[in-house]
Amino acid sequence: MSPSLIAGALWAISATIVALLPMRMQFPPGIILLISAPFLVLWIGATHGWIWAVLGLAAFLSMFRRPLWYFARKWTGRL
């Protein structure tokens, strides 16, 4: 298994563990995971091709859909 896929698997496990934390403790590690995800998806895409990058992006969007909706509404002024 390549280092990029190992990092992706560790990211997914970390995101699952963070989701199990109480809400007030989710914010700091969640922001780190949110910021690191695009770099990880690009790394996977550069190593294995665009199909795997699209699958990784879909997984990321699925796991972080609510924070991304919140930030999208905030940035567009609908909050």
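The largest pocket has a lining of 18 residues, and Met23, Gln26, Gly30, Phe64 and Pro67 lie nearest its centre. The model is predicted, so to speak of local features requires pLDDT of at least 70, side-chain atom pairs count only at pLDDT 80 or more, and totals for chains, interfaces and linings use all residues. Residues are numbered from 1 along each chain as its sequence is written, and side-chain values use heavy atoms, with hydrogens and water left out.

A pocket here is an open set of points on a 1 Å grid over the protein atoms alone, where a 1.4 Å probe fits, with protein on both sides within 12 Å along at least five of seven lines; a lining residue has an atom within 4 Å of a point. The volume of the largest pocket is about 570 Å³, a volume being the space filled by probe spheres set on the points, which are joined across faces, edges and corners.

The largest share, seven residues, comes from α2. By class, the lining has 13 nonpolar, three polar and two charged residues; Ala, Val, Leu, Ile, Met, Phe, Trp, Tyr, Cys and Pro count as nonpolar, Asp, Glu, Lys and Arg as charged, and the others, Gly among them, as polar.

The second largest pocket holds about 240 Å³ of space. Of its 14 lining residues, Gly8, Ile44, Leu55, Gly56 and Ala59 lie nearest the centre. Two or more lining residues come from each of α1, α2 and α3, with α3 giving the most, six residues. This lining divides into 12 nonpolar and two polar residues, with no charged ones.

Notes: Helix = DSSP H or I, 4+ residues; strand = E, 2+ residues; numbered from the N terminus.
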